[in-house]
Every structure is written in C-alpha cells, then in structure tokens.
Amino acid sequence: MMNQTEIGKFIARCRKEKNLTQAQLAEKLNITDRAISKWETGKSMPDSSIMLELCEILGITVNELLSGAKAGMEGFEKKADENLLVLKVKDKTHRKSNGIFSLLFSVTLLLGILVCLICNIAISGHLSWSLIPISSMVFAWAITFPIMRMGKRGLAAGLISLSIFILPYLYLLSHLTKTKDVFSVGAVMATASMVFLWIIAFVFRCIGKARRYLALGITFLLAVPFLFFINVLLSRRIETSLLDLWDVLTVFILLLLAFVSFICDHVRKKDTCHSTT
C-alpha cells in the first residue's frame with residue numbers, strides 16, 4: 001500500500017538532487033508550487049496524468065515514485081505489480097464516482113422530461129409548451145454529461161458539444177416559440193460567444209495552471225472588446241443603444257478585475273522566484 005508521506009519525502013529528495021526548487025519543478029509541470037508542496041508534505045498525490053512527466057524530470061520510474069524509494073532488483077517486479085494494482089483501483093474508483101454522478105444527473109433530467117410530458121398531455125391533451133423545457137433539458141444534458149462523466153478531461157468535450165448543438169437548439173427554440181428573432185439574433189450572439197470561449201480556452205491551455213491569474217487577467221481584458229462587439233451586433237439587429245451606464249460600469253469592473261488578477265500573478269511569481277524549498 002502506498003504511503004503518501006514517504007512518497008512526498010521521496011519527491012522532495014529527488015527534486016533537491018536535481019537542484020530544483022518547488023517553483024522550478026512546478027513551472028516544468030505547468031502547475032502551481034502549492035501543489036508540489038502538498039505532495040511533499042503528504043497531503044496529496046500527483047495526478048496520474050502528470051506522473052510520467054514528473055518521473056522523467058526527477059529521473060525516476062513510476063514504480064519508484066509510488067514506492068517512495070529507489071528500487072533495487074530484489075522485489076522490483078512485486079513492488080511494480082502492487083503499485084500498478086493501486087493505480088488501477090484508484091482510477092477505477094474515480095471513474096465509478098463520475099459514472100454515478102453522471103447517471104444521477106441523467107436520471108434527474110429524464111424525470112423532469114417525463115413530468116413535463118405528463119403535465120402537458122394532462123392539461124392540453126397534446127404536446128405543446130412542454131417541448132420548450134424538454135429541448136432545453138436535452139441541450140443541457142448534451143453539454144454537461146461529458147464534463148460530469150470525464151471530469152476535467154470532459155471540459156473540451158463539453159465545449160465541443162456546446163459549439164455543435166447551440167445553433168440547432170436556437171433554431172428549434174425559434175420554431176417552438178414562433179419567434180424568428182430567437183434564431184436570427186441568438187445565432188449571431190451564440191457564434192460570437194463561442195469564438196470568445198474558444199479563445200479563452202486557448203489562453204488557459206497555453207498559459208497553464210501555474211499562471212492561472214495571468215490567464216484570468218487576460219480573460220477579463222478580452223471581455224472588454226467582446227462586450228463592445230456584442231453591443232455593435234445588437235445595435236444593428238435591434239433598437240438598442242451602443243453604450244449605456246451599465247456597460248460603462250461593466251467595463252470598469254472588468255478592468256478592475258483584470259488589474260487585480262495581474263497583481264496576484266505578479267505577487268505569486270515574485271514569491272515563487274524567491275522560493276528555495
């Protein structure tokens with residue numbers, strides 16, 4: 001059985017042998033130095049997705065990492081089998097919990113769909129208004145299910161689902177409500193919003209977890225021109241002012257949040273640069 005405390009001490013020892021600080025190791029792994037600290041104090045374990053990269057940097061094998069010591073030839077195969085079994089059990093437990101949550105979510109939405117159908121037929125004698133909430137629940141399921149099922153790895157799948165289904169959903173909603181503006185205006189807004197979301201996803205992907213405050217600050221800054229762009233599109237589609245008091249207030253808040261995020265990133269970067277542990 002794995003001992004997190006011993007593994008943490010082993011990680012710290014290997015890191016120091018490589019003359020790396022926690023900040024330097026964190027930067028190589030594209031994570032925060034706080035995560036490294038938690039590993040080395042035995043409070044948490046490295047995620048399986050970065051174990052191979054961590055071992056490559058430290059010059060050890062996965063089996064040695066999970067054993068918390070450099071392995072000799074004696075008992076190496078036995079220890080390797082034990083560690084592999086522990087990893088498989090951990091991964092299976094994680095997938096099982098995700099599966100349970102995603103199943104409960106699916107069942108809840110299915111019950112909601114059935115309630116809408118029963119109430120609609122009981123009141124009107126045919127399907128009418130229930131199609132609107134039903135289509136909305138199916139749309140929500142298509143976006144949320146991959147995220148709940150796969151966790152962080154499902155974020156990209158959820159964003160892809162949103163990109164694929166948003167326009168058909170708006171078209172269907174426009175047809176059900178018999179309001180053309182739902183699609184004509186909504187499609188333009190949805191397309192612009194999807195482009196913005198993909199840009200933000202790219203920013204976070206490139207910058208990484210270690211500089212998440214920097215990515216957040218860039219997101220707030222990019223939201224400012226996006227707000228003006230949306231207002232221009234809306235002013236051409238419907239009768240609305242290009243800029244009002246609420247827009248000015250929103251821009252001020254976004255700029256303030258961006259400034260705070262950049263300050264937080266600067267402070268964190270300064271702290272990590274002076275870190276010697």
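The model described here is predicted. S67 belongs to helix α5, which covers residues 62-67. The C-alpha atom of S67 lies 7.8 Å from that of N3, although 64 residues separate the two along the chain.

## Overall architecture

The protein chain contains 11 helices and zero strands. Its secondary-structure pattern along the sequence therefore reads α-α-α-α-α-α-α-α-α-α-α, where helices are numbered from the N terminus. The protein chain has 277 residues, of which 34% are classed as buried.

## Salt bridges

Side chains of opposite charge can pair when their charged atoms come close. Two salt bridges are present in the structure. One of them joins the side chains of R15 and E40, with an N to O distance of 2.6 Å. This pair connects distant parts of the chain, since R15 is in helix α1 and E40 is in helix α3, 25 residues apart. R15 and E40 are both buried.

R211 and D265 also form a salt bridge, and their closest N and O atoms are 2.7 Å apart. How accessible is R211, as a relative value? R211 is partly exposed, because its relative accessibility is 26%. D265 has a relative accessibility of 7% and therefore counts as buried.

## Aromatic pairs

A pair of aromatic rings is described by the distance of the centres and the angle of the planes. The structure has four aromatic pairs. Among them is the pair of F196 and F226, whose ring centres are 4.5 Å apart and whose planes are at 20 degrees to each other, a stacked arrangement. The angle qualifies as stacked because the limit for that class is under 30 degrees.

Is F196 buried or exposed? F196 is buried, because its relative accessible area is 16%.

Most residues other than glycine have a negative phi, and most peptide bonds are trans. N19 is not a glycine, yet its phi is positive, at about 60 degrees. N19 sits in the loop between α1 (4-17) and α2 (22-29). Its relative accessibility of 66% is why N19 counts as exposed.

K178, which is not a glycine either, has a positive phi of about 55 degrees. K178 is placed in the loop that joins α8 (155-177) to α9. With a relative accessible area of 75%, K178 is therefore exposed.

## Surface patches

Which residues form a positive surface patch? R34, K38, K43 and R212 make up this patch. One of these residues, R34, is in helix α3, which spans residues 33-40.

A nonpolar patch on the surface is formed by W246, L249, F252, I253, L256, L257, F259, V260, I263 and V267. Together, these residues have about 980 Å² of accessible area. I263 is part of helix α11. The relative accessibility of I263 is 40%, so this residue counts as partly exposed.

Definitions and conventions
Residues are numbered from 1 along each chain as its sequence is written. This is a predicted model: local features need pLDDT of at least 70, side-chain atom pairs count only at pLDDT 80 or more; totals for chains, interfaces and linings use all residues. Side-chain values use heavy atoms; hydrogens and water are left out. Rings of Phe, Tyr and Trp (its six-membered ring) pair if their centres lie within 6.5 Å; planes under 30 degrees apart count as stacked, over 60 as edge-to-face and the rest as tilted. Buried means under 20% relative accessible area, exposed over 50%, partly exposed in between (1.4 Å probe, protein chains only). Patches are made of residues with over 30% relative accessible area and no salt bridge: like charges are joined within 9 Å, nonpolar side chains (Val, Leu, Ile, Met, Phe, Trp, Tyr) within 5 Å. Accessible areas come from the Shrake-Rupley method with a 1.4 Å probe; for residues, only the protein chains shown count as cover. A salt bridge is a side-chain nitrogen of Lys or Arg within 4 Å of a carboxyl oxygen of Asp or Glu. Lys and Arg count as positive and Asp and Glu as negative; His and the chain ends are not counted. The place of a charge is taken as NZ of Lys, CZ of Arg, CG of Asp or CD of Glu. Helices (H or I, at least four residues) and strands (E, at least two) are DSSP runs, numbered from the N terminus.
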